[in-house]
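Take a look at the model below.

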Amino acid sequence: MTESNPLLVEGDFPLFDQIRHDHVVPAVTQVLASNQASLDMLKQRSPDEVTAEDLREFEALEARLYDAWHPVEHLNAVMNSEPLREAYNTARAAITAYQTKLGQDEALYQLFKTLQEKADDIGLSSEQRKSVANSLLEFELSGVALTGESRGTYARLKNEVSELTSQFSENVLDATDQWKKLIEDPKQLIGLPNSAMEMFRAAAKADGQDGYLVTLDAPSYLAVMKGCEHRELRKEVYEAYVTRASDQGPSAGTFDNSDIMNRIVEVRQAIANLLGYEQFSEFSLATKMAETPEAVLAFLNQLAELSLPVAEEEMRALKAFALADGGVSDLKAWDVAFYSERQRQAEFELSEEALREYFPAGQVIQGMFNIVSKVFGVDVKPCPAMATWHPDVLTYQVEQEGETVAFFYLDLYARAKKRGGAWMAECRNRRLTPDEHLQRPVAFLTCNFTPAVGDKPALLSHDEVVTLFHEFGHGLHHMLTKVTCAGVSGINGVEWDAVELPSQFLENWCWEREAIPMISAHIDSQEPLPDVMLNRLLAAKNFQAGMQMVRQLEFSLFDFRLHHEAQNDLGIQGVLDDVRNQVAVVEAPPFNRFQHSFGHIFSSFIGYAAGYYSYKWAEVLSADAFSAFESTNPFDRQVGDRFVSSILERGGSEDAMSLFVGFMGREPQVDALLRQEGIAR
Ligand code: ZN
């Protein structure tokens, strides 16, 4: 049985040409049962019997499960089918139950405590020590060390918050779906592109109506805000959108999240207190790179102080443009996107379609490989030995100094039954097995670009080029690791607010004058992107960078202060008003209840709660790290090699801050990001 199930065959990479949906449940059931038996043995070790081998054995058990499960998760995402989905859901439920039990297992927790206490005696490496420390923290944050009454309280609160957060999301969904506006006269929608008109017409048809149906789904909302010339209609749609699931607007009180949000914040605070943290912000930071709440607030406030004058200047320019262009002298929140879009088109004539012709997929991919070869000394070659799940999928091996160190799959194009978006996922982790065999890392790189049409090659927009570099950056982080302890190898164990460093770092080459000729070649003339177009592309990059920055800071400061000031009585709206007074340049009307649909921080127990700042934090890290090339050039191998050895090879084996300091020789500074976005010089 084991031998015939391809999911359980060990090897460099999964047997994608043999895996079928009916292999899933038997494989997972078998691994979970045998893992449970092995865990029971492990837990029986008395403290003086515990050795370093036990950690490796524990990791081998995890690897056995995930080496079988990652390919299934991946197939479910990119080759979905009814029977596979069913098998996937059954197996996933079993794995979730297994994991939950593991996280609450006191005997296992004791085993890890013993490993930590005996680290010197049993010769744990620094990587292994870090991995053990991470596991202990995870156990503690999931309440394993609580005793007596607090154990029950913890379980009750966790249950409550899980119900509250799912109610929050349901309310947002229902409120979004409930509001619709049928427009019969297309003149009301003047200014909108054909694609948007088709979308509205299709929505009306699906609803059994004639005309154009405007809804609150993001593409519909954004299309109206950016393109609709009819100001009153913009206001109406804006009001419906920003009052979803609240006490305001056209559906006031129907799906009101107000009480739910108050209670979520209270429960989070109570859980943090129970686990020994004074504020939820501190609980959230326990697994992040930022050390203290004060450090996060100082970071956000510093960015705010430096960006606000620029944002105000951009707002003055926008107001002047709106007056000249549309005779609007009182620019409102529902006018901002509309006039910004017109201003952008007036200032930079950039046609996305014309740009695409310079970025055929093949040229971009080969150019990207050439860039990483020059900068990091990493060679990427096709690897035909790897079986795939679809003929479009490309397979590669990664070499350093002639030695193959990793493998990856590249699945670029959108197709039916494939989940949207772009991501990098682990297939195999680098680790040393109990019998001293080196498992090499394997990565899945998935995008959803527009496929080739007819005999033309697939052409990428510049945004898509940036996405590809971004995901390949995550991929390099996973694949170039030299760590052999699975818990901290590759992207494992890397702090949440630092994990985007390598991905955003690699994006920089998409904006480099010397790199663009390597990734561009016109489909007919083979010419690289001409200077005129390159200059417009670079100039448009930072349009309204200050306004975008303060908007993100508004969300970040609101989220962080809400979870850091349990003692204050401002209330949720009060904190938001206070933050807006500090950083906003677009005046929010009194009915605005944006927070009632802020899913990032209210739709799960942690999610981005007291963590929304991570977006900016990681941007600062990547821009700052990239500035190491400023004094030389973006192809300087020495700097590239240093990035590989100080960051990419190290995975989660050390705190992200020490790794960053190891690379830059100092802690991160915000200047480089501000320069990169044209906010400071
Ligand atoms: Zn990313």
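What follows treats the zinc site, then the strands, then the helices.

This is a predicted model: local features need pLDDT of at least 70, side-chain atom pairs count only at pLDDT 80 or more, and totals for chains, interfaces and linings use all residues. Residues are numbered from 1 along each chain as its sequence is written, and side-chain values use heavy atoms, with hydrogens and water left out.

**Zinc site**

The zinc ion has protein donors from His470 (NE2), His474 (NE2) and Glu500 (OE and OE), at 2.1 to 2.8 Å. Donors here are N, O and S atoms within 2.8 Å of the metal (3.2 Å for Na, K and Ca); water is not among the atoms, so sites may look incomplete. The spacing of the donor residues in sequence is H-x3-H-x25-E. Histidine 470 sits in helix H16 (residues 462-479) and glutamate 500 in the loop between H16 and helix H17 (501-507), so the pair ties together parts 30 residues apart in sequence. Helices (H or I, at least four residues) and strands (E, at least two) are DSSP runs, numbered from the N terminus.

Why is the arrangement irregular? The 4 donor atoms subtend angles of 51 to 140 degrees around the zinc ion. Four donors count as tetrahedral if all angles lie between 85 and 135 degrees; four count as square planar and six as octahedral if opposite donors are over 155 degrees apart and all others between 65 and 115; anything else is irregular.

Histidine 470 is buried, at 14% relative accessible area. Glutamate 500 is partly exposed, at 25%. Buried means under 20%, exposed over 50%, partly exposed in between (1.4 Å probe, protein chains only).

**Strands**

Two strands pair if DSSP finds at least two bridges between them.

| Pair | Sense | Bridges |
|---|---|---|
| S4 (residues 394-400) and S5 | antiparallel | 7 bridges |
| S5 and S9 (residues 442-449) | parallel | 6 bridges |
| S6 (residues 423-428) and S9 | antiparallel | 5 bridges |

S5 (residues 403-413) is mostly covered, with 10 of its 11 residues buried. In S9, 7 of its 8 residues are buried. Phenylalanine 408 in S5 is the bridge partner of tyrosine 396. Phenylalanine 408 also stands opposite alanine 443 in S9. Phenylalanine 444 in S9 stands opposite tyrosine 409 and opposite alanine 425. The S4 and S5 hairpin has 2 residues between the strands, and glutamate 401 there takes a positive phi near 45 degrees.

**Helices**

The axes of H15 (residues 361-376) and H16 come within 11 Å and cross at roughly 45 degrees. That makes H15 oblique to H16. Angles under 35 degrees count as roughly parallel, over 145 as roughly antiparallel, 65 to 115 as roughly perpendicular and the rest as oblique.

Conventions:
Axes fitted to C-alpha atoms, helices over the stretch in contact; angles between N-to-C directions.
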